[in-house]
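Subject: Handover of a structure

Hello,

I am passing this structure on to you. Please open it first, then read my notes below.

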Amino acid sequence: MGGLAGDTVEVNSELQVLQSRGLMGKVVDKLDLVSDPEFNIALQPVSALGGVKQFIKSLLGVGSEREQVPEDIAEQQTRDGVISALLRKASVSNVRQSLVITVTVETEEPRKSALIADTIV
């Protein structure tokens, strides 16, 4: 990082910005991670057990409140979930006694991990 005096406050501030939901939201939007099943659980295939659970819930009328949520709120909830998933897969730290910051993202694909980490930075 250039242009910093090197005190702990500046380094910690930069770390917090790199880990913020606001920045991660921009990364989600730029890379369209809402369309990626690894980050959006709604796009993941339903397991056999999950399908049975959904069927039983539909018979009992349980879980239908999700369908009653307005579309814009449902989209925001989905985006928020994707941001949370990205935050779980990303880590930001600084190398002790330096101004070097490490950004690591762990996904199913190395290229995707590198692209996301580069986009965060």
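Which exposed residues does the face of α2 turned away from its buried side carry? They are K26 and K30.

First, the ground rules. This is a predicted model, in which local features need pLDDT of at least 70 and side-chain atom pairs count only at pLDDT 80 or more, while totals for chains, interfaces and linings use all residues. Residues are numbered from 1 along each chain as its sequence is written, and side-chain values use heavy atoms, with hydrogens and water left out.

**Overall layout**

The protein chain has 5 helices and 2 strands. Helices (H or I, at least four residues) and strands (E, at least two) are DSSP runs, numbered from the N terminus. From that end, the elements run α-α-α-α-β-β-α. Of the 121 residues in the protein chain, 24% are buried. Buried means under 20% relative accessible area, exposed means over 50%, and partly exposed lies in between (1.4 Å probe, protein chains only). Among contacts in the protein chain with a separation of 6 or more, 58% join residues 24 or more positions apart. Contact here means heavy atoms within 4.5 Å.

**Helix α2**

Helix α2 spans residues 21–31. Its buried residues are M24, G25, V27 and V28. They cover an arc of only 160 degrees around the axis, so they sit on the same side of α2. The arc is that of the directions from the helix axis to the C-beta atoms. An α-helix has 3.6 residues a turn, so residues three or four places apart point the same way. The cover over the buried residues of α2 includes α1, α4, β1 and α5.

V27 lies in this helix. V27 is buried, with a relative accessible area of 2%. Leaving out residues up to four places away in sequence, V27 touches L86, I116, T119 and I120. V27 and I120 are 93 residues apart along the chain, yet their C-alpha atoms are separated by 6.4 Å.

Just after α2 comes D32, with a positive phi of about 50 degrees. That is a positive value in a residue other than glycine. D32 belongs to the loop between α2 and α3. D32 counts as partly exposed, at 43% relative accessibility.

**α2 against α5**

Two packed helices are described by the angle between their axes and the distance between the axes. Helix α2 and helix α5 (residues 110–120) pack at an angle of about 130 degrees, with axes 10 Å apart. Axes are lines fitted to C-alpha atoms, for helices over the stretch in contact, and angles run from 0 to 180 degrees between N-to-C directions. The two helices are therefore oblique to each other. Angles under 35 degrees count as roughly parallel, over 145 as roughly antiparallel, 65 to 115 as roughly perpendicular and the rest as oblique.

From α2, the contact uses L23, M24, V27, K30 and L31; from α5, it uses L115, I116, T119 and I120. By class, that gives 7 nonpolar, 1 polar and 1 charged residues. Ala, Val, Leu, Ile, Met, Phe, Trp, Tyr, Cys and Pro count as nonpolar, Asp, Glu, Lys and Arg as charged, and the others, Gly among them, as polar.

**α2 against α4**

For α2 and α4, the angle is about 105 degrees and the axes are 9 Å apart. This pair is therefore roughly perpendicular. R21, M24, G25, K26, V27, V28 and D29 of α2 meet R79, D80, V82, I83, S84, L86 and L87 of α4. This contact has 7 nonpolar, 2 polar and 5 charged residues.

D80 is in helix α4 and counts as partly exposed, at 31% relative accessibility. D80 and R21 are 59 residues apart in sequence, and 8.8 Å apart from C-alpha to C-alpha.

**Helix α5**

K112, S113, I116, A117 and I120 are buried in α5. Their arc around the axis is only 130 degrees, which puts them on the same side of α5. On the other side, P110, R111 and D118 are exposed. Covering the buried residues of α5 are elements including α1 (8–18), α2, α4 (71–89), β1 (90–94) and β2 (101–105).

Over to you.
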